[in-house]
Every structure is written in structure tokens, then in C-alpha cells.
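Welcome, and please open your viewer. This tour goes stop by stop, telling you what to select and what to look for there.

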Amino acid sequence: MSDLETKPSDATAAGAQVNPVENKFTERLSHILGDLGKNGIFIALVLVVVLFSILTNGILLRPQNISNLIVQNGYILVLAIGMVMVIIAGHIDLSVGSVAAFVGAVSGVFAVQWGLPWWLSIILSLLVGALVGVWQGFWIAFVGIPAFIVTLAGMLIFRGLALVVLGNANIGSFPTEYRALGNGFLTDLFGSFELDPLTLGIAAIAIIALFVSQFRTRRARQSYGQEVEPFAWFVAKLVLVAVAVALFAYALATYKGIPVTLIVLAVLVLIYGTVMNRSTFGRHVYAIGGNLHAAELSGIKTRNVTFWLFVNMGVLAALAGLIFTARLNLAGPKAGDGFELEAISAAFIGGAAVQGGVGTIGGAIIGGLIIGVLNNGMSIMGIGIEWQQAVKGLVLLLAVAFDVYNKRRSGGR
Amino acid sequence: MSDDRTNILEMRSITKTFPGVKALQNVTVDVRRGEVHAICGENGAGKSTLMKVLSGVYPFGTYEGDIVFEDEVVQFRDIRDSEAKGIVIIHQELALSPYLSIAENIFLNNELKGPLGLIDWNKTNHEAAALLARVGLKENPTTKVRDIGVGKQQLVEIAKALSKRVKLLILDEPTAALNDEDSDHLLNLILHLKEQGITSIIISHKLNEIKKVSDSVTVIRDGKTIETISKTDVTEERIIKDMVGRDLEHRYPDHTPHIGEEILRVEEWTAHHPQDPTRVMVDDVNITVRAGEIVGIAGLMGAGRTEFAMSLFGRSYGSKISGRVFVKGKEVKTRTVAEAIENGLAYATEDRKTYGLNLIDDIKRNISMASLEKLERFGLVDDGKEFQVANSYRTSMNIKAPSVLAKTGKLSGGNQQKVVLSKWIYSDPDVLILDEPTRGIDVGAKYEIYSIINKLAAEGKGIIVISSELPELLGICDRVYALSEGRITGELPIEEATPEALLKLMTMEKPR
């Protein structure tokens, strides 16, 4: 299969007749440029990483710091996954930070005060998160109160309930297995090596899986006569991603191996990526956000979809609360403070549209990583929290402004 | 003051192009000072576009040609520019804010202020009352606009125009939503304003109205000026000939009906207004459709056509809905849209952009939107099959787009409509309800849409076409129902359906 065979599927509709050679070249160029535009967020992440590795004299990219980056931002990334789905449907969730705190506190009661087994505590905590989602989803989807109001109320309600559960004290000393969720490593299970073979093995498998799936998708598209990108560009992109994954894995392997949080995240990204891209439910979410009326008149059960989106958000907020609590080994009243804003920022930096209908799981993850690198880089540089806040706010504004500008330029209506 | 000889407005060879469509081509219109000038043409002929050019909605630079107003070439950047010169346009869709009072609406963005820069309410209401007297509207200026009827709202719009010291008043289909009494009042008002020296342009395709009020008529067809006729030469025949132009026979594809068994029967269908359940919007409607039959529903605006269709289609409209639906002789429930689709109904909306399409998504996903379950494999949507399905519709429906991955927001109206139709054809219904299927579509694409409708009927589907264009109904249907005030007032086989007979039924009022 050579790229020479790929043609636009309809030459006549494309418009003017152009010299074929020139046409092919400009077409390829425009494809690459278009791709760069689509992957602008990815490039932004690379730029931020390069910038801060220079500013921090390379500390940013030290194995230990890379590992920390993942673990410190894990809960934001978990929230960002649920948040971007909510935003795509045209809603918002302001309550996730409070819900995370509430569930963290509840899990403390389960695992520490009641002494339930760690796995049962985790399951029950996730269930509590689901119930919170049922509560908020009910008001939003079936009563029709705007999500902004319901979750603003939820923000107060669940922060309050977290304090009630904690009873003016912290709950601490969680079981080891529970704590692994926040700061465990896979090597802990298999003993430790100089260069963790498990990490390298998993990375190798991941890279192979990536190649196989990408080639299969490309093959399938060609067989359906769908236009595909030039072969060289396709391979170049794959190799770039593979190298990035390999370097990342090598860094982890020289430190402690793969953090449990990363495994959780990877599983979530795979599942939710598939849900949003390939499942009927995901399609319905995009349809609702793109045009609620059209979705309704196409037979989509818009209320049910909205309801389950918030149940899902509740579960993910609970998971984020567990990871955070596990990491601190402490359920405290200040937990989850400002998480909602970081998760919302991640979704918007990652290309979600305020009006709904647009956004991706991958974009939200990268948006979250950009925020993470900013936090981490600025902390290493010794920049105060006050300036960190200001810079993050500015980045959010610029990211969305860039998006708006891009859309206007491309003539989107 | 008013000199009959001079032109207040000259539009000289105006050309306006949209991507892919030449909406106006060298259109020239001269309007004399103090006259009522009618501009008529079919839907999509370019009347509204022309008026948008004139009022600055399409700013200077986006069109070619010159606009000369009061002997001076004008270059409007926006509506405010044209209003400053005394040109006020009143659109088909009224632009009033429902929760503000009449007076507030009249002086919106033109507020009467006191010494401190605060709104002077006494003066506002007093002057509003004076303006209302001028347009003959007996309402308190503090009444909220949503509490008065459409006819009165139209008068408020005119009062608003008068408050801006209007010299040239443009009315876009002013009587489309009005009953006869309100229409008469409005037309008389236009004549009354003419005596006060206000020039009007009235856009309409109601020939009797045009004959009643206008001093000259300019006919536009397919974006071109055909001719300007002065009052003494105006005849309905001449206007119709100018408007239609081509051979009437060939505007609609040939259609030989093969009518089979009854496929849809609706009995005693009644629906009430969603916010005001005391208002009956659809009143005891009984209709039948047979396989292979194209059935028209004719009715004036506000007759309840869309309300009927949407209440039938999964109760998407209305409250307190009652009645029975039979598909292929079996009674079915249509309580939700999903249920209606499942039971073989499909409804293509009159408003594609608001209710029909996800404009920010591609053709492929819009077509599959109502039938994703057909594409599921192992619980996931089969991308490749979806692409193939969409591509086959792109070919068979002749959707003009570079690929099915093109966003529907960038397509022309005709192509958007084909995407909507593809979506519903893919859902494989027994009965398709098409609400204004050719609204805002150019003539060539209309013909294609009619051919698609014929093909669907030939496949044995039942088709309901709702349209406000009588020629369209007469051109494609096998049978036509007339709807008035929510009631079916008659039913005519196509052989007996004449515009006169239908209009009589469409305007038949409830016995009171």
C-alpha cells in the first residue's frame, strides 16, 4: 500500500482542476499543516516541556520528577476525563472537588474507622460517588435545572457533608493496598531491579499495539475508499509517538517503575476513548452537545444520556478522591480544593468548546498534562503560588482564545 | 415636498454571491419617492437577500453594484448605518423582545433619556402612546409584547420604525402570519403612511395584496430582475408569468402513483399549546396515507401544520395530546421520538439548522444519527460501514461535498436538506413526514428533492408533505388535506385541487 494510491475520494467536488503534480504536493503539504493544526495541543505540550526543561536546567525531565508528574496530576486527569464528557454534552460540573473530598472522607470511615477490607472500601466509595451522580443527574436531566446551578449547589452540599463526615478531624493511616492507588508502583509486586524490566516490557507491548492498531485502521479506511494521510507522514508520526513512549518508559524504569495511578489512567483513557469514539453512547453525547433539538428529534434519549453522564462523573470524582486520599494517606477537610477548576481548564485547554459538541478525551488529558507541567515546572523554579495561579489563568485564556481565533479563520459558523 | 418624478432609491446592478450560489445577479430596482413598491418573486428568488444588501446586513464590500439613496451613493457597514439614513426593515421573523413592554421595544437601543442619562419613563410611554395612535394600535404602551398577538406585534414594529424617523420602510412578507382582518388593517396603514410621505417597499407573493397597495411592482426570479410594472399595467397573469418564467410543466418531475394499502391512519388527534394548555393547536385531526402515496397538508402559517406533525412524532410538541395512530393497520404508540421511529415514522423538520442537523459535525455522523444501532458491531459503532453507508447516500442523493467527512454547517441549503433526508431514509421508515422540504433551497435542488420524494413513494413508502407553497403541493402530491386553525377543513384528490379551492379550505374558520 503506497501513499501514491491515496486520492481525494471525489476530485470533481474539490473544485478547480489543478496540475496533478503540483496538486499532489500542495495536497500533502496542506494535509501536514492541517494535521499540525489538529495536533496543536500536542505541540503545545511539547513546547511547554521543552521550555521548562530549559528553565529548570533539566530537573523537569529527571526520572523521579517524571514519575512525580504523573502521580501528582493523576487525580486531575481522572477528573478531566469525566469533565470533558460533561462539557461535550454542553454542561459543566463545579462539584467534583467537593465530591472528591466527600468520598475521600467516606472512604476513611470505611477503611480506617470501620476497618473494612481495602477493596470493599474502594468499591463502596465508588458507589457513594455514583449515588452523588444520581442525585445531581436527576436534577439536571429530569427536572431540567441547569448543571451550573445544580453542581454549584453540589459544591457547597458535598463540601459541607465532607466536613460532617470528618467531624472536625483528619482521618489517616490507610491500609497499604489502599495507599498503592496513590503512590504505589507495579515493581512493588515483583521486587525491584536497576532497570525495571516490567516497565520496559509493558512499554514495548504498548508500542507494538499502537503500530498494529494504527496500521489496521489505515488499511480498513483504504479498503472503504476513505482518504488517508500520506504514508511517510503517517509513519513519521507513529515513530515520533513510539520514541516518546519509549523515552518515557525508560525514565520510569530507571526510577521505581510504573506508578499504579498511571495504570489506572491508561485503562480509563482506553475505555473512555473507545466509548466516546466508537460507542453509541459517545456518539449521542456529541450529538446532544452539537444540537440538542436535532438529537432529540433523531430519537436520542437526551435525558437518559445526560443522567448517565453525571453518574459517570460522580464515579470518576470518587476515584479522584480515593487517589488523592491514598496519596496523602489522609482524608482532610481541604482535600479537592480547586480540583474542579483544574479539570475544567484541562478540558478547555485540550480543545473542548464552551458551547459543547466538541472535545476529546485525549485532548483533555494533554490539557491536564500542560497544567501539570506548568505547576511542576514553576514549583521547581521556586515561583510562588500566587504567580503560578496567574500564569495558569493566562494559559487557559490564551488556549481558548487561540481556539476561537482558529475557528473563525477557518470560517466555521 | 414629495416630487413624483424623483427616485428615493436606486439599486444599480447589485450582484451578491455566496459560496457556490449566485444569489443576486445584476439586480436593478428604482423606487420613486412616496410610492409603495412591491417586490415579488418565488421563495428563494433573492428578495430577502436583496433587502439584506439594502439594509446593511450584508455590508458594503460583500456585494457588487451601487446603492443610491436620496441621490447619494451609500455604503452601509451595518443596520445602524442604514437606519441612520432612514431605511428601516421589518423582517418576516419579528425582532421584538417578548418580556419587554411595547414602549420599551419601540425605543430599544434608542432610549429617551433625561438629564442624568437615565431613561425618562414618562416621556417614553407618552411618545410610545402617540406612535401607537399613528399606527392605529389600541394598547397600553406598558403591556408586554408577548401578551399581544402577532398582528399587533407587527404594528409595534412599524411604530418602532416611525420612532426612527423612517423615510423608506421595508416590509418583508408582512402579512404572512396575519389573519385577513389584521392584514387589511396593515395594508391600510401602509397606504396611510404613504399619504404622510413615507415610501414603502413591500415584499410579498400575495398578488391580491400587491394589487391593492402598490404603485409599481418589480419581479425577481432566480436572482435576476425580470421587469418593473407600473400600477396601471399590473395583472396577476403577468406577475405569475414573470415569477415562474419557465415552463410550469417541468418544475416538477413526472410522477405516476402506484398506490397500495393504507399505511398510516391518524384518528382524533388533538394537541394543546405546550405553555398554555387551554389553547387547542391541533383539533381532532383524522388523516390517512396509503403506501406509495404522496399526501399534502396545506395550511397558512399558524394553521397547526408543524404542530400536528411534531406532536405526532413522539410528542415533540404540545401538551395534553390525545388520539390514535395506526401503522399498517396496527395501532402503535408514539409517546417518544424513539418509539415513533421504531414504529416506522420519520419527520424531517422545516428548520434544518435548528432542529435537523448537528452543524458542527460531519455528513457521515449526521446521516447515522437516528440509526446508530444498525451500525453496531460488538457494541461499538462500525466506522467503516458508517463511512460506506454515508458515501452511498452521497452518491445516490447527489450531495455535493468533497467527502462525507465535511461538516454539514458548510453545505448549501439544498445539500443540507439531502443530508437530513438521507438520515431519515437510512432509518427505513414506513411513513416520512416532510415539513417544508424545499424551504430556502434553490430551484435546481428543489427538482432533485422532488425526484427523491417520488422515488421514495415508488418504493412503497407513505409520504406526507407539509408546504406553504401551493404550486409545490399541486405539483407533487396525489391528494391534499387543508388545515385551518388546527382542523382538517377538507381533502381534495389532486384532480380537484386548484389553488382557489384549497385557499378557500385553508381560510375556512371555525363555526363560532
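Start in chain A by selecting I41(A), F42(A), L45(A) and F52(A), the buried residues of helix α3(A). Here a residue is buried if 20 or more other C-beta atoms lie within 10 Å of its own, exposed if 12 or fewer, and partly exposed in between, with C-beta atoms placed from the backbone. In general, an α-helix has 3.6 residues a turn, so residues three or four places apart point the same way.

Before moving on, a word on what you are viewing: this is a predicted model, in which local features need pLDDT of at least 70 and side-chain atom pairs count only at pLDDT 80 or more, while totals for chains, interfaces and linings use all residues. Residues are numbered from 1 along each chain as its sequence is written, and chains are lettered from A and ligands numbered from 1 in the order in which they are written.

Now select the whole of α3(A), residues 40–55. Helices (H or I, at least four residues) and strands (E, at least two) are DSSP runs, numbered from the N terminus. At 1.5 Å a residue, the 16 residues of α3(A) should span 22 Å, and its end C-alpha atoms are 22 Å apart, which agrees. The expected span is 1.5 Å times one less than the number of residues. Turn to the face away from the buried side and you will find the exposed residues I43(A), L47(A), V50(A) and I54(A). Just after α3(A), click on N57(A), which takes a positive phi of about 55°.

Zoom out to chain A as a whole. It holds 18 helices and 2 strands, and 41% of its 413 residues count as buried.

Next, show both chains. Which helix gives the largest share of the side of chain A that touches chain B? The contact takes 30 residues from chain A and 32 residues from chain B, where two residues are in contact if their C-beta atoms, placed from the backbone, lie within 7 Å. The helix to select is α13(A), with 5 residues. By class, this side of chain A has 10 nonpolar, 13 polar and 7 charged residues. Ala, Val, Leu, Ile, Met, Phe, Trp, Tyr, Cys and Pro count as nonpolar, Asp, Glu, Lys and Arg as charged, and the others, Gly among them, as polar.

Move to chain B and select strand β13(B), residues 294–299. 6 of its 6 residues are buried, so the strand is largely enclosed by the rest of the structure. I294(B), G296(B) and A298(B) point one way, and V295(B), I297(B) and G299(B) the other. Strands pair if DSSP finds at least two bridges between them. β13(B) pairs in the parallel sense with β20(B), residues 462–467, over 5 bridges; look for I297(B) opposite I466(B). Another 5 bridges join β13(B) to β21(B), residues 479–484, also running parallel, and there G299(B) has L483(B) as its bridge partner.

Finally, colour chain B by domain: domain 1 (7–249), domain 2 (250–344 + 429–512) and domain 3 (353–428). These bounds come from an automatic or database domain assignment. The C-alpha centres of domains 2 and 3 of chain B lie 25 Å apart.
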